[in-house]
Amino acid sequence: MKDLTMTVTGWVATDPRLVVTRDGAGPTMCTFRLAQTSRYFDRSTDKWTDGNTEWFTVRVFRDSARLVAESVRTGQPVIVEGRLRTNEWTDAQKVTHWGLQLDATCVGHDLTKGLATFTRAVVTGGEEEAPEDEPVDSLPDDDTAPITDPAEDSEDAEEEADGRPAALV
């Protein structure tokens, strides 16, 4: 049987909580709440309008749990991919509730909303090793030239024959 896999973009609503079993035999888990609000353009008012907010409980397991717990904070935009599950429970007043849960296979910051810096963490045998001295955001030592923002180039920037700045060719 195949699981229902989905990708959700949204905002972290709670700081991630790292859960380690008492005896250490079970897998480490990180959990946080994710809010996703749809937006649509309402032609009758000529404005963008917020739709319903969907709430997800995101769970991340094993080595990835520690990395997510150290990287994600409340208010940050993230993209989460994982298996969708529904969760049912009854509260003290005997009212049945339903919740959406994502068992994440991937969690990352949404770079369409801001900047992030990546540092590789080497995980071996359930324990993290110290990150490399340098963040992994540099180009390899070869003939590759860095990509530059044409808006930062001067007006006298080199142009190719078709009129585009050289950085875009």
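In this predicted model, the side chains of Asp 3 and Arg 85 meet in a salt bridge, with 3.6 Å from N to O, a salt bridge being a side-chain nitrogen of Lys or Arg within 4 Å of a carboxyl oxygen of Asp or Glu. Because Asp 3 lies in the segment before β1 (5-12) and Arg 85 in strand β5 (residues 77-90), this pair ties together parts that are 82 residues apart in sequence. Helices (H or I, at least four residues) and strands (E, at least two) are DSSP runs, numbered from the N terminus. Asp 3 is partly exposed at 39% relative accessibility, and Arg 85 is also partly exposed, at 32%; buried means under 20% relative accessible area, exposed over 50%, and partly exposed in between, with a 1.4 Å probe and protein chains only.

Arg 85 also forms a salt bridge with Asp 103. Since Arg 85 lies in strand β5 and Asp 103 in strand β6 (residues 96-109), the pair ties together parts that are 18 residues apart in sequence. Asp 103 is buried, with a relative accessible area of 4%. Asp 3, Arg 59, Arg 83, Arg 85 and Asp 103 are linked in a network of salt bridges, and the structure holds 6 salt bridges.

Among these bridges is the pair of Arg 39 and Asp 50. Arg 39 lies in strand β3 (residues 29-42) and Asp 50 in strand β4 (residues 47-61), so parts that are 11 residues apart in sequence are tied together. Asp 50 is partly exposed, at 48% relative accessible area.

| Salt bridge | N to O distance |
|---|---|
| Asp 3 and Arg 85 | 3.6 Å |
| Arg 39 and Asp 50 | 2.8 Å |
| Arg 85 and Asp 103 | 3.3 Å |

The largest pocket holds about 800 Å³ of space. A pocket is an open set of points on a 1 Å grid over the protein atoms alone, where a 1.4 Å probe fits, with protein on both sides within 12 Å along at least five of seven lines, and lining residues have an atom within 4 Å of a point. Of the 26 residues that line the largest pocket, the closest to its centre are Leu 67, Val 68, Ser 71, Val 107 and Phe 118. The elements giving two or more residues to this lining are β4, α1 (63-71) and β6, and the largest share, 7 residues, comes from β6.

Residues are numbered from 1 along each chain as its sequence is written, and side-chain values use heavy atoms, with hydrogens and water left out. Because the model is predicted, local features need pLDDT of at least 70 and side-chain atom pairs count only at pLDDT 80 or more, whereas totals for chains, interfaces and linings use all residues.

Methods. Points joined across faces, edges and corners; volume = space filled by probe spheres on them.
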